[in-house]
Amino acid sequence: MATNKRKKTDTDLGTMILRNMALIMEREQEKRGLNKKEMAHLCEITSPYYLQILDGSANPSLQVITRISTNLKIPLQELLMGQKVPPQD
């Protein structure tokens, strides 16, 4: 019988990416003065899924990651790797 458990990220890089996403999303939530439900709505994800990203148990798809990046106006490189991208002239 198959179990319906989600597979956690099993690589150091995957864990680091999820941790960076959570840190940046929490930073942006605080900076914007939003509660968790409002932040989830801004990111176009459900509140429970937002909480899963924060606690590291989510495995967001590329579509979800790019939606979060676009809606928060955070470059993908910063969202995933925690590296700020210098402004382009």
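A: E28 and R32 both belong to helix α1, where they sit 4 residues apart, about one turn of the helix; helices here are DSSP runs (H or I, at least four residues), numbered from the N terminus. Their side chains meet in a salt bridge, with 3.0 Å from N to O, a salt bridge being a side-chain nitrogen of Lys or Arg within 4 Å of a carboxyl oxygen of Asp or Glu. Salt bridges that share partners join R27, E28, K31, R32 and E78 into one network.

This is a predicted model, in which local features need pLDDT of at least 70 and side-chain atom pairs count only at pLDDT 80 or more, while totals for chains, interfaces and linings use all residues. Residues are numbered from 1 along each chain as its sequence is written, and side-chain values use heavy atoms, with hydrogens and water left out.

E28 also forms a salt bridge with K31, their closest N and O atoms being 3.3 Å apart, and these two residues of helix α1 are 3 residues apart, again about one turn of the helix. A further salt bridge links R27 with E28, whose closest N and O atoms lie 3.0 Å apart. In the whole structure, the search finds 4 salt bridges.

The partners differ in accessibility, where buried means under 20% relative accessible area, exposed over 50%, and partly exposed in between (1.4 Å probe, protein chains only). E28 counts as buried because its relative accessibility is 2%, whereas K31, at 61%, counts as exposed. R27, at 31%, counts as partly exposed, and R32, at 34%, likewise counts as partly exposed.
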